[in-house]
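Here are some questions and answers on side-chain packing, aromatic rings and charges. The model comes first.

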Amino acid sequence: KKNIMKKLIILLALHSLFLSFAQIYPLNTYSEVPTNAYIKDLNNDLLPYEGDWKATWGNKIFFVQFKRIKKYLDHKENNPYYKDLLVGKFKVMDQNGLILYDNTNLPNEDTKIEGGRFFTIPIKQYYLFYIDPDICNITGKIYIDFVSNNQTQLNWKFIDTTDIITSSC
């Protein structure tokens, strides 16, 4: 009986170990996942977005840097999990090179731009959140996709969702 009990304990331990490794889900998972699961970028969908991007808007030059990270999301207290996502840091300059705003030195955990999810209909695009307590608590949604198949130019759409802006802003 000791030998059978020992084998049963080993079998249960191996089963538990297998279950812990089996909790990896693809990036396009939008349903609930088990606690401490990992929503992983298995197909490298985020890879084309990573890197440094530059844009001119009006008389300002924007530099945005996207980086893929594995983040522990614990906003659902009963169901925390890990997820691969993009975080964004940016710098804004005027045409003379004067830096107007720069958060590129922030740690990845404190970035103002954080990835959300992919949409595939009507076009493939990635959705990010923007929350900036340093600039009047501005919040917004950012949608990015590529202008062409060569993936060298981003299309960027920002939707301001800020509720209240005080007179000091």
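Q: Which ring face does Lys 124 lie over?
A: A charge sits over a ring if NZ of Lys or CZ of Arg is within 6 Å of the ring centre and within 35 degrees of the ring normal. Lys 124 is 5.3 Å from the ring centre, and the face belongs to Phe 118.

The model is predicted: local features need pLDDT of at least 70, side-chain atom pairs count only at pLDDT 80 or more, and totals for chains, interfaces and linings use all residues. Residues are numbered from 1 along each chain as its sequence is written, and side-chain values use heavy atoms, with hydrogens and water left out.

Q: How are the rings of Tyr 72 and Tyr 82 arranged?
A: Rings of Phe, Tyr and Trp (its six-membered ring) pair if their centres lie within 6.5 Å; planes under 30 degrees apart count as stacked, over 60 as edge-to-face and the rest as tilted. By this rule there are 15 aromatic pairs. For Tyr 72 and Tyr 82 the centres are 4.7 Å apart and the planes are at 50°, so the pair is tilted.

Q: Is Asn 103 buried or exposed?
A: Buried means under 20% relative accessible area, exposed over 50%, and partly exposed in between (1.4 Å probe, protein chains only). Asn 103 has a relative accessible area of 5%, so Asn 103 is buried.

Q: Which residues does Asn 103 touch, not counting residues up to four places away in sequence?
A: Contact means heavy atoms within 4.5 Å. With that sequence limit, Asn 103 touches Lys 89, Phe 90 and Lys 112.
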